[in-house]
Amino acid sequence: MNINLTLIGQSVAFIVFVWFCMKFVWPPIVTALNERKTKIADGLAAAEEGQREKAKAQEHVAQVTSEAKEQAQEIIRRAERREVEMIEEAKGSARVEGDRVLTAARSEIDKEANMAREALRAQVAGLAVAGASKILAREVDSDAHAKMLDDLIAEL
Amino acid sequence: MASDAPTTTEYIKHHLQNLTFGQHTDGSWGIAHGAAEAKAMGFWAIHLDTMFWSVLLGALFLWGFRKAALRATAQTPSGFLNFVEWIVEFVDENVRGSFSHKNDLVAPLALTLFVWVLLMNTMDLVPVDWIPQIAHLMGIEYMKVVPTTDPNATFGMALGVFVLTLFYSIKIKGVGGFAAELTMQPFQANNPILKILFVPANFFLEFVSLVSKPVSLSLRLFGNLFAGEMIFILIALLFSGGAMLAVAGGVLQWAWAVFHILIVLLQAFIFMTLTIVYLEMAHSHH
């Protein structure tokens, strides 16, 4: 156990080893470790970002769905309203048409009745004249009493 | 066991003798036979076993970690790379915790010291006779396989740390700042005459504390590992004392090895942590 040259030999070996470690061992390992640390941190951040995106998308989906539902409801409501309107309209126009047909029929009836009345009146007048002329025979001159006969016709 | 049925004392002495290469007293160069010859070689001798094992283990560490470093990517790690990254992160965390300045040297320095010292300490867990016996068969007389039980190794590393401490002290604070740190505290005064009077006392205290750092750093590691090795050697002596003692020795060796794992790991960790703390002190102003 003498102190001798080994001391210096060890010091030299020590310095060489430390130098080698500092140059060729430590930097690549620490660089790799740091790179991996960054990569893991990035990965975690990306995962978190993905979760956030997913939540946002789900929210969006829910919103779109509810909007669509609302729109469908609106469309159904409008259709129902339209249906009622159409029925009402149809009813209205049917009524108007009916009224019109009724009126036309009535006026036709009136016209027919008038015409029948006129014809009847004319026939009655003729009959009356014929009857009267048969009764009166010669006394009544149809030309001379035309005016009186006309008045009679009008009174019927 | 060493050759020719040695006595207990011879056995222990043999195990504590490094394979020393140097100049003999007669002027020739060669390997010392025995402690006396090794001592006679003086400073200009080298412990071949300490150098061999420490450099081998250091190279093993750097080779393995370099291989892992080349494969290190931001992808999912696997196998040995995982293990390496775990150690690197452990060291990095420790450095971050104790060292608050910007210095690219400190973390690799801490990693090197931790793993290297750990590997050298781990050699202590190899049964004390295995490698020396193999060496003996190869014709090598002495073989001390745990470099950290050689004070030269621990002092060598501590010296490196000490030089770095001095270098950064001067680099960060300047020569004046460092000198002031050594002479202007702990006794302080506003009176300039008192200030000058305090200088010798301050310098004495600060110098002692400065020098004690590398000494305690290396002696702590050396003392712990040397004591552990010594106990392994004593336990190994039981194996030559009959069947009963051999069984007891086996149990004891196992138990001590289990306990020693703690010391092996702890001393490597302490060496690293103290190195970081000393460098932190060198970087910060008092």
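**Chain interface and helix packing in the predicted complex**

Chain B contributes 52 residues to the contact, and chain A contributes 29 residues. The model is predicted. The size of an interface is often given as the accessible area lost when the parts come together. Here, about 3,800 Å² is buried between chain B and chain A. Carbon and sulfur atoms account for 73% of that area. On the chain B side, F43(B), A74(B) and N152(B) supply 16% of the area buried against chain A.

Confidence was examined for the complex and for chain B. The predictor assigns the complex an ipTM of 0.86 and a pTM of 0.75. Chain B has a mean pLDDT of 88. In chain B, 98% of residues reach 70 or more. Among the elements of this chain, helix α5 (residues 106–122) of chain B has the highest mean pLDDT, at 94. The lowest, 82, belongs to helix α2 (residues 35–40) of chain B.

Helix packing within chain B was also examined. Two packed helices are described by the angle between their axes and the distance between the axes. Helix α7 (residues 151–183) of chain B packs with helix α8 (residues 192–237) of chain B at an angle of about 155°. Their axes lie 8 Å apart. Angles over 145 degrees count as roughly antiparallel, so α7(B) is roughly antiparallel to α8(B). The crossing of α7(B) and α8(B) is right-handed. The contact between α7(B) and α8(B) comprises 19 nonpolar, four polar and two charged residues.

Note on methods:
Residues numbered from 1 in each chain as written. Chains lettered and ligands numbered in written order. Predicted model: local features only at pLDDT ≥ 70, side-chain atom pairs only at ≥ 80, totals over all residues. Heavy atoms only, no water. Axes fitted to C-alpha atoms, helices over the stretch in contact; angles between N-to-C directions. Helix = DSSP H or I, 4+ residues; strand = E, 2+ residues; numbered from the N terminus. Parallel < 35°, antiparallel > 145°, perpendicular 65-115°, else oblique. Left-handed = near helix turned anticlockwise from the far one by under 90°. Nonpolar A, V, L, I, M, F, W, Y, C, P; charged D, E, K, R; others polar. pLDDT = per-residue confidence, 0-100. Contact = heavy atoms within 4.5 Å. Buried area = accessible area lost by both parts, 1.4 Å probe.
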